[in-house]
Amino acid sequence: MSVLLAVAELRARYGEAEVLKGISFDIQPGEIVALVGSNGVGKTTLLRSLSRLIPSSGRIEFAGRPLPATPDAVFASGLVQVPEGRQLFDRMSVEDNLLMGAYRREGGPTVQADLARVYELFPILKDRRKQLAGSMSGGEQQMCALARGLMAAPKLLLVDEMSLGLAPVIVERLLDILTTIREQGVTVFMAEQDVHSALSIADRAYVLAQGQVVLQGSAAELLHDPEVQRAYLGF
């Protein structure tokens, strides 16, 4: 199987503080891969580096080519991030937010077909399509952010801290949706502080600590790893 994303010796810093310290990993097409670890270890920095939102060094190849150098070009290449905090356009309708996800695509039947597809995935968004996005609940806003990402027709969807601040029942629903998204052909890379939730649906996972990958393996292996259980799962 060809590698969709290959990262080697990725480094990033904020001022004098080095946050990512030579991280290497890969993602295969059709996987759900989790990046897990405590708050503040560099998960969001890693995703922002992949999206070219912050400077970094190292080698990144996406779909067999060097990753483009600008955020807009990365987005157009099919690497799309669902950011922490959702970052919706609060004063725009749900449907207008979704269509913003397709702003780099030509309009017409394909975009409308994808809009129908995301409404099938997220029926609540269809019901609320004329509602202002900022007036919805946190869980509904997170669904809208995921759906907006899908409207960009991603090859790889980066999902940052999806569960943050949400009730467990909503998180479970969102995890089910990520599994369905993968079944529909979208590869998923999720950064998540809720280690148990992430490992429950991932194929593989990387554990990040102090800016470095300290453990990696299948999600099932890591879920039962004594070190992971002690550090992150409260066992």
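**View A. Residue classes in the lining of the largest pocket.** In this predicted model, the lining of the largest pocket consists of 12 nonpolar, 6 polar and 5 charged residues. The space in this pocket amounts to about 580 Å³.

**View B. Residues and elements around the largest pocket.** The lining has 23 residues, and those closest to the pocket centre are Phe75, Gln81, Pro83, Gln87 and Arg148. Two or more lining residues come from each of helix H1 (43-50), helix H2 (71-77), strand E6 (79-82) and helix H6.

**View C. Packing of helices H6 and H7.** Helix H6 spans residues 138-150 and helix H7 spans residues 168-183. Their axes lie 10 Å apart, at an angle of about 10 degrees. Angles under 35 degrees count as roughly parallel, and H6 and H7 are therefore roughly parallel to each other. The crossing of H6 past H7 is right-handed.

**View D. Contact residues of H6 and H7.** H6 contributes Gly139, Gln142, Met143, Leu146 and Leu150 to the contact, while H7 contributes Ile170, Arg173, Leu174, Leu178 and Ile181. Sorted by class, the contact of H6 with H7 comprises 7 nonpolar, 2 polar and 1 charged residues.

Terms used. Residues are numbered from 1 along each chain as its sequence is written. This is a predicted model: local features need pLDDT of at least 70, side-chain atom pairs count only at pLDDT 80 or more; totals for chains, interfaces and linings use all residues. Side-chain values use heavy atoms; hydrogens and water are left out. Axes are lines fitted to C-alpha atoms, for helices over the stretch in contact, and angles run from 0 to 180 degrees between N-to-C directions. Helices (H or I, at least four residues) and strands (E, at least two) are DSSP runs, numbered from the N terminus. Angles under 35 degrees count as roughly parallel, over 145 as roughly antiparallel, 65 to 115 as roughly perpendicular and the rest as oblique. A crossing is left-handed if the near helix is turned anticlockwise from the far one by less than a right angle, and right-handed if clockwise. Contact means heavy atoms within 4.5 Å. Ala, Val, Leu, Ile, Met, Phe, Trp, Tyr, Cys and Pro count as nonpolar, Asp, Glu, Lys and Arg as charged, and the others, Gly among them, as polar. On a 1 Å grid over the protein atoms alone, a cavity is a set of points where a 1.4 Å probe fits but cannot get out, and a pocket is an open set with protein on both sides within 12 Å along at least five of seven lines; lining residues have an atom within 4 Å of a point. Grid points are joined across faces, edges and corners, and a volume is the space filled by probe spheres set on the points.
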